[in-house]
Amino acid sequence: MHVCVKWCLVLIVLLVTASHAFSAPEDEIQKALDQKKFSDNLKTDLFPGESSIRGTTAPSSDMDELKALTEKNDQPVSGNQEITNAAKKPKIVLKVVPGDGQLKLSWLLVNYHQTVEEGQLKYVVSWGMDPSSLKPVEVGSADSFVIRELKNHQPYCVQVTAYKSRKKAEKILSDERFATPLPAEELSSTLENLFSKKKLTMQDKVEPEPFKRELRQFGYDFFKNSSQVLNGQDLPVSGSYALGPGDTLNLTIWGSLSARHELSIDRNGQVTIPKIGVVVVAGLSYDQARDAIDRAIARYYKNYNFNVTLGKTRTIQVFVVGEVETPGSIPISSQATLINALSAAGGPSRNGSLRNVRLMRDGKLVTEIDLYEMLLTGDRSQDVRLQNGDTILVPVIGPVAAVAGEVKRPAIYELKGKASLAEVIQMAGGITASGYTGRIQVERVANNTAKIVLDYQLKDEQKDRVLQSAEVLDRDMVKVFPVQEAVRDVVVLRGNVARAGEYQFKQGMRVKDLIGDFSDLLPESYLEAAEVTRLAAPDYHREILTFNLRKALSGDSHDNIELKEQDTIRVFSRWEMQEKPKVAINGYVMSPGAYDFYPGMTIRDLIAAAGSTKRNAILDTAELTRVVIAGDKALSTRVTLNLAKAINGDPQQNMPLQADDVLIVRGIADWVEATDKFVTLRGEVRFPGVYSVTRGERISSVIERAGGYTDKAYLKGSRFTRRSVKEIQQKRMDEVIIRTEKDILQKQAALSYVAASKEELEGTRAALEGLLKSLERLRNLKAEGRIVIRLSKLEELKKSTYDLEMEGGDIIEIPSRPNVVNVMGQVYNPTTFVHLPQTSDVGAYLSKAGGPTRDAEDSDMYIIRADGSVYSRQQSSFGIKWSDETRTWNFGSFMSTFMDPGDTLVVPQKLERTAWLRDIKDITTILSQVALTAGTVFLWFK
């Protein structure tokens with residue numbers, strides 16, 4: 001009884017919780033979250049950036065819009081958007097955007113009014129692959145976060161929790177969201193996203209596009225993707241290459257002299273050629289050294305040919321200093337250039353200049369290199385070859401300006417000297433086709449005092465002059481806005497038409513210009529009325545114009561109305577405007593129910609739609625019920641007809657139908673379907689097998705037809721299962737399992753906040769996890785459909801209440817006498833014992849099993865009888881118990897209860913250590929009942 005009361009309370013709590021679910025409209029809030037972007041890519045001290053920790057806060061630039069939107073949602077609305085009391089419940093609306101190895105989160109807290117006493121809310125982001133074991137990360141009061149170092153193609157679960165800092169037990173949860181990080185190549189590009197967006201008209205709900213301020217510094221990624229050149233053995237050598245100590249020459253001679261030598265240039269700048277002598281080559285170019293070797297050989301030999309190639313090149317030492325990733329002395333190939341050396345040092349840091357890189361040699365400035373020449377135009381003419389001892393200096397970055405919005409390469413650019421607005425936009429690749437050129441805005445820090453905004457109005461004839469004359473200063477942000485999102489010069493055709501969509505608007509066009517004739521309509525279009533939705537000037541409020549589509553297509557000037565820009569024409573289906581007529585058929589047909597009515601439909605057509613009549617249908621007669629309207633009243637009339645003649649097409653009987661007609665097909669009385677005619681007898685009867693039964697035939701009759709019981713029949717262990725009972729039991733099992741699972745999950749969620757100690761926390765968590773595993777096992781079990789009966793001799797059975805009427809599909813199993821008793825659960829030796837009539841009470845078998853263990857709940861022991869009934873210790877708590885067999889009251893404790901062959905004694909586990917485990921005990925009791933329904937025994941941790 002206490003279990004039923006407990007579950008009633010649980011259901012009441014669940015209903016109350018469901019009644020307070022968040023039901024306010026969230027479309028505007030979600031769109032606001034779509035507009036919140038992340039600035040984590042801006043890795044520089046010049047603009048807001050990210051830290052180096054694994055999860056980083058992503059600053060939002062649209063909080064003013066979100067706050068305004070939140071206030072808007074707090075105001076009452078009219079129409080169908082009715083706000084209930086549940087809508088006022090605080091809630092976190094969470095948005096998750098997948099990236100390459102990361103998830104970008106942003107959230108908005110709605111319907112929450114903070115008080116001074118509560119303090120500031122703190123947020124915790126929980127994430128993981130398993131929703132049951134999420135990893136919490138405290139993010140403070142931020143409203144966005146980036147989770148990094150995730151596996152691509154691996155789904156992750158994310159949830160955000162808000163805590164009141166002074167009362168951490170009070171919390172606000174977001175819904176759990178699932179997202180999957182994807183590699184960069186699988187993420188959509190800006191252009192791909194642009195063309196995949198649905199085009200909107202002014203009649204659609206167009207939200208202002210947020211301005212995207214997240215930018216990266218231009219050019220620095222080049223050095224991350226460049227290989228470090230530490231040696232140049234495979235690089236080609238030009239004729240101007242200057243030789244020096246450490247270089248190796250490969251000399252091959254043939255003709256009057258045949259020889260091959262590898263000549264290394266020593267510290268004195270000389271190479272020694274056998275049989276020739278010493279040749280000084282240091283300081284000579286590669287071509288000059290070839291000529292010097294030729295002259296040396298010619299002094300001793302004639303009629304020869306030779307070839308000189310450069311083998312190993314020397315390594316030089318250069319110094320890379322200033323704002324670079326890895327400053328210091330770098331060994332590098334003598335063939336390397338300045339850009340090779342910068343790449344070997346990791347490139348300039350984001351605080352280093354790309355436009356004023358200096359090459360120093362012997363304390364003097366050799367050249368200054370503007371890397372933008374190479375990065376923007378591919379010109380490497382300034383990339384000079386290095387010499388030993390050279391110094392490369394990367395100074396601090398100079399003035400910078402950001403170009404954001406509708407340009408081809410939004411980024412942060414370094415300026416060199418004076419730069420006009422036209423030059424900066426050109427560096428960004430120019431304005432895209434979707435950029436609005438009527439106004440370009442510059443955000444500027446004026447005289448180190450305040451931020452100001454400058455708008456440049458660009459007219460076609462003055463655009464170039466304005467862009468050339470406007471100067472861009474340090475820390476300016478140039479913003480190129482997009483054109484209006486809504487499509488202009490358009491009319492829209494929607495509804496029950498063959499080619500719905502947007503069409504170009506032309507002055508003077510009419511309805512018939514979009515819908516030329518009836519072939520442009522889909523079947524069953526409603527021709528008596530169509531509508532035009534129009535935005536009327538000057539405030540563009542909506543107006544509805546209705547016209548007759550049939551007349552418009554016939555050329556009627558009144559209904560063939562003239563269209564305006566942004567008009568939307570809607571053509572309705574007939575059944576959107578009219579009630580669809582139905583007819584119905586009930587009774588003995590294959591698919592009874594309601595069917596669409598169409599003119600000319602007959603009785604035979606309706607029967608064909610229902611899949612024909614069943615074998616046991618009466619074809620001589622059927623009843624047709626028809627509703628007749630008489631003035632302001634509806635009268636029901638009935639017509640009797642010969643169904644067989646109607647099916648054969650007799651015009652007198654196969655009468656035309658009218659809307660709302662109902663045909664009733666009668667069936668033959670006492671007809672039993674084939675599956676309901678047979679029952680099965682198994683076990684200890686003389687002739688086991690399948691038997692047909694008639695309506696009202698009872699168990700005793702079928703057993704008597706089977707020859708009666710054998711001498712080995714053990715009637716107490718009989719099993720009687722029924723198909724209809726099995727379906728009911730299975731439905732109840734499924735309901736209990738679902739309710740129990742919800743209860744366990746709720747306890748898991750609240751466990752960490754109410755557990756009194758770490759030991760209680762761990763023990764209860766393990767217990768709940770074990771219950772969940774048991775639930776999974778129970779899901780795979782199916783109900784038996786068993787009915788507890790007590791068979792007896794046929795003469796006695798015929799007089800007892802257990803002589804039930806048989807139904808199709810019933811199964812009776814009569815086993816032989818088992819002569820064993822089972823003891824299960826928390827005993828020292830759970831096993832099976834031989835049944836001994838002289839010592840066959842509970843105490844004797846419990847003693848043979850070693851007695852209850854320390855974890856046993858011996859007060860809750862129970863016996864599962866061989867017939868499926870259960871007898872518990874609670875039923876004999878007063879030392880008196882009722883016997884169904886003798887129909888008398890018996891005295892004695894539970895331990896003295898007699899056990900029959902086939903009985904099972906179950907000793908459950910004690911779960912009274914904590915209050916939480918007492919709740920778990922209630923759950924295990926429920927699961928035990930479910931298991932018994934399935935014909936098994938639930939033994940908790942066993």
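Start by selecting Tyr-286, Ala-289, Ala-292, Ile-293, Ala-296 and Ile-297: these are the buried residues of helix H6 (buried means under 20% relative accessible area with a 1.4 Å probe, protein chains only; helices are DSSP runs of H or I of at least four residues, and strands are E runs of at least two, numbered from the N terminus). Look down the axis of H6: the buried residues fall within an arc of 135°, so they line one face of the helix (the arc is that of the directions from the helix axis to the C-beta atoms).

A word on what you have open: this is a predicted model, where local features need pLDDT of at least 70, side-chain atom pairs count only at pLDDT 80 or more, and totals for chains, interfaces and linings use all residues. Residues are numbered from 1 along each chain as its sequence is written, and side-chain values use heavy atoms, without hydrogens and water.

Now show strands E10 (248-255), E12 (270-273), E13 (277-280) and E14 (304-310), against which the buried residues of H6 pack.

Next, select Leu-342, Ile-392 and Leu-421, the residues with the most contacts inside the largest nonpolar core, which has 58 residues (such a core is a set of buried Ala, Val, Leu, Ile, Met, Phe, Trp, Tyr and Cys residues joined through side-chain atoms within 4.5 Å). For a second, separate core of 23 residues, pick Leu-251, Ile-253, Leu-263 and Val-279, which are among its members.

Finally, colour by pLDDT, the predictor's confidence in each residue, from 0 to 100. The chain mean is 80, and 77% of residues reach 70 or more. At residues 228-232, the pLDDT is below 50. Where pLDDT is low, the predicted coordinates should not be read in detail.

Notes
Buried means under 20% relative accessible area, exposed over 50%, partly exposed in between (1.4 Å probe, protein chains only). Contact means heavy atoms within 4.5 Å.
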